[in-house]
Amino acid sequence: MWSLVPARRALGRAAGLFQSNAIPSPRIVPGMQLKARAGLCTKPTEDKTAPESKGPGYSFKVPGHKPTDWEKRLLLWGGRFKKEEDIPEIVSFEMIDSAKNRVRVKVSYIMIALTIMGCITMVVSGKRAVGRHESLAGMNLERKARLREESQAGDAAKAE
C-alpha cells in the first residue's frame, strides 16, 4: 500500500522555503527598477535618471501612442471614427487592438463570401460543361489519342 507521507514531507519543505524567504523575491519600491540581464531579473537598483521630485502623489503618463497612417486606416475601417480628422493625436492601445479585431473579422467575412461565390461559380461552370458533353476523362482520352497518332506519324516518317 502506498504512503503519502514522503509527498507531504516534500510539500512541507517547499512551503517552508517560501515562508522563510530562503528564495528571495525582489521588492520594488518607487524610484527603483529591475535590471534585466540575459532574460533574468537581478536586484533592483535605484533609477539615477528619474527626477527627484517623485513622491507619493506623482501622476502617471496616460498609456498610448501616436497612431501611424496604417493604424489610422484601421481605426477608420474598424468603424471607430468616421473621418481621419476625427482621430485624436494620441490613442490607447486598447482602441487600436479593438479596431484591428474588427477589421480582422470583416476581412474573414469577406473571405467567406468570396469562397462561397467561388464554389457557386465552379458548380455552375461544371453543369455547363456537362451540358456541352465535356468531361475531364473525355479530354484526357482525346489528348492521348492525338499524341498516339502523332507518335505513329513520326515513326512512319522515320521509317521512310
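Here is a quick briefing on the chain shown above. It is a predicted model, where local features need pLDDT of at least 70, side-chain atom pairs count only at pLDDT 80 or more, and totals for chains, interfaces and linings use all residues. Residues are numbered from 1 along each chain as its sequence is written, and side-chain values use heavy atoms, with hydrogens and water left out.

**Overall layout**
- The chain has four helices and four strands (DSSP runs numbered from the N terminus: H or I of at least four residues for helices, E of at least two for strands).
- Of the 160 residues, 9% count as buried (under 20% relative accessible area, with exposed over 50% and partly exposed in between; 1.4 Å probe, protein chains only).

**A charged patch**
- D69, E84, E85 and D86 gather on the surface in a patch of negative charge (residues with over 30% relative accessible area and no salt bridge, like charges joined within 9 Å; a salt bridge puts a side-chain nitrogen of Lys or Arg within 4 Å of a carboxyl oxygen of Asp or Glu).
- D69 sits in helix α2, which covers residues 69–77.
- D69 is exposed, because its relative accessible area is 56%.

**An aromatic pair**
- There is one aromatic pair (ring centres within 6.5 Å; planes under 30 degrees apart are stacked, over 60 edge-to-face, the rest tilted).
- The rings of W70 and W77 have centres 5.8 Å apart and planes at 90 degrees, so they pair edge-to-face.
- W70 is partly exposed at 48% relative accessible area, and W77 is partly exposed at 45%.

Technical notes:
Patches are made of residues with over 30% relative accessible area and no salt bridge: like charges are joined within 9 Å, nonpolar side chains (Val, Leu, Ile, Met, Phe, Trp, Tyr) within 5 Å. Accessible areas come from the Shrake-Rupley method with a 1.4 Å probe; for residues, only the protein chains shown count as cover. Lys and Arg count as positive and Asp and Glu as negative; His and the chain ends are not counted. The place of a charge is taken as NZ of Lys, CZ of Arg, CG of Asp or CD of Glu. Rings of Phe, Tyr and Trp (its six-membered ring) pair if their centres lie within 6.5 Å; planes under 30 degrees apart count as stacked, over 60 as edge-to-face and the rest as tilted.
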